[in-house]
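Welcome! Let's walk through this structure together, one question at a time.

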Amino acid sequence: MPNARIIGTGMYVPERLVTNDEMTKIVDTSDEWIRERSGIQERHFISEECGASDLALEATKIALKNAKMTADEIDFIIFATLSPDYNFPGSGVLLQDKLGLKNIGALDVRNQCSGFVYGLSVANAYIRAGLYKNILLVGAEVHSTGLDFSDEGRHIAVLFGDGAGAVIISATDEERGVLSTHLHSDGSKALELCLINPGSRKIPRYYEGIWEDGTLYPHMNGREVFKYAVTLFPRVINEALETNGYSTEDIDLLIPHQANMRITEAIAHRLKLRPDQYFSNIHKYGNTTAASIPIALHEAIEEGRVKDNSLVILAAFGSGFTWASAAIRW
Ligand code: ACO
């Protein structure tokens with residue numbers, strides 16, 4: 001049975017840089033409030049009409065270059081996003097078309113902040129089963145066009161940024177690559193972090209008052225999210241370690257979903273990790289949801305923090321609630 005190995009990574013963020021000071025011109029907020037509660041200093045927003053698939057395309061080009069591959073060698077696409085270009089079809093087929101590919105399958109993953117790890121688990125299973133040799137997995141988000149910059153939405157609007165990360169996952173006979181993945185969910189918490197409309201439940205879907213009731217913007221119970229995140233992140237990280245016979249001392253690099261610096265610090269504290277054992281770049285990009293792990297992974301590699309044979313743990317928690325981890329021998 002082949003193993004699945006990440007052989008190339010790429011990332012892309014739109015050019016428009018929005019610092020916290022810049023944010024104070026859009027939202028009633030302050031640099032101090034945002035930094036203290038999230039660690040975020042700046043993020044990137046699109047400045048012209050552009051979808052998640054456009055950002056994904058740019059990240060993919062870099063991932064292909066790093067993998068020393070051409071697009072026609074990709075035999076399957078997995079696209080994780082909560083902000084697709086259109087309600088339907090998904091962004092996977094749009095990316096396929098933009099890459100000039102014909103006929104190959106494109107799967108869209110709807111698991112929000114956990115989307116990349118969920119997608120990785122699918123890619124790993126497909127490759128191990130011998131179905132595909134080279135899978136393109138992307139996480140890409142355009143949040144900025146859907147945030148509520150009024151007082152009602154400001155606790156959410158300041159946290160999110162636009163961006164994309166891509167990886168090429170290939171079959172290998174070497175004894176390395178993805179060691180395990182673990183996926184979890186608890187739908188009883190679905191409405192603690194959600195975007196309700198436009199949804200299919202209402203008759204008619206675009207009912208009178210839809211603009212006034214706040215359901216066209218994301219809703220987040222921040223305290224509930226924080227409470228569950230700091231419990232479930234460590235649990236799913238430990239699950240990844242125990243499955244493979246490792247302990248926290250064996251982690252070379254933990255790349256958690258970049259939700260909030262306070263959440264990352266709480267995880268590191270609970271697991272007693274040294275600062276060199278975990279990665280954070282939320283100060284530069286904000287929360288880019290499905291894109292945050294592949295963007296962080298790409299930067300960690302560029303900074304030389306992922307080396308040959310490193311034990312890398314990816315971990316995510318988010319809307320659903322969903323949470324997930326992956327252990328990778330690099
Ligand atoms: N700027 C300035 N003041 C603000 C802002 C803002 N952007 N947003 C809210 N406030 C004010 C509120 O009006 C309130 O003022 P009041 O005390 O006078 O009434 C005060 O700040 C506190 O508001 P809360 O909403 O209670 O803010 P809280 O301290 O809970 O912090 C936060 C909000 C940062 C979201 C926090 O709950 C948190 O860290 N949650 C974790 C969840 C998270 O980070 N999610 C990220 C995305 S989800 C994911 O990726 C898993």
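Q: Which helix gives the most residues to the shell around the ligand?
A: This is a predicted model, in which local features need pLDDT of at least 70 and side-chain atom pairs count only at pLDDT 80 or more, while totals for chains, interfaces and linings use all residues. Residues are numbered from 1 along each chain as its sequence is written, and side-chain values use heavy atoms, with hydrogens and water left out. Helices (H or I, at least four residues) and strands (E, at least two) are DSSP runs, numbered from the N terminus. With 4 residues, the top contributor to the shell is α7.

Q: How many residues surround the ligand?
A: A residue is near a molecule if one of its heavy atoms lies within 4 Å of it. The closest ones are Thr 29, Arg 223, Asn 260, Arg 262 and Asn 287, and the number surrounding the ligand is 23.

Q: How far is a polar side-chain atom of Arg 223 from an oxygen atom of the ligand?
A: A polar contact is a pair of N or O atoms within 3.5 Å; within protein, one must be able to donate a hydrogen and the other to accept it, and residues adjacent in sequence count only if both atoms are side-chain atoms. Asn 260 places a polar side-chain atom 2.8 Å from an oxygen atom of the ligand. For Arg 223, the distance to a ligand oxygen is 2.9 Å.

Q: Which helix gives the largest share of the lining of the largest cavity?
A: On a 1 Å grid over the protein atoms alone, a cavity is a set of points where a 1.4 Å probe fits but cannot get out, and lining residues have an atom within 4 Å of a point. Among the lining residues are Gln 258, Tyr 285 and Ser 292. The largest share, 3 residues, comes from α10 (residues 292-302).

Q: Which residue is joined to Phe 88 by a cis peptide bond?
A: The omega angle of this bond is about 0°.

Note on methods
On a 1 Å grid over the protein atoms alone, a cavity is a set of points where a 1.4 Å probe fits but cannot get out, and a pocket is an open set with protein on both sides within 12 Å along at least five of seven lines; lining residues have an atom within 4 Å of a point.
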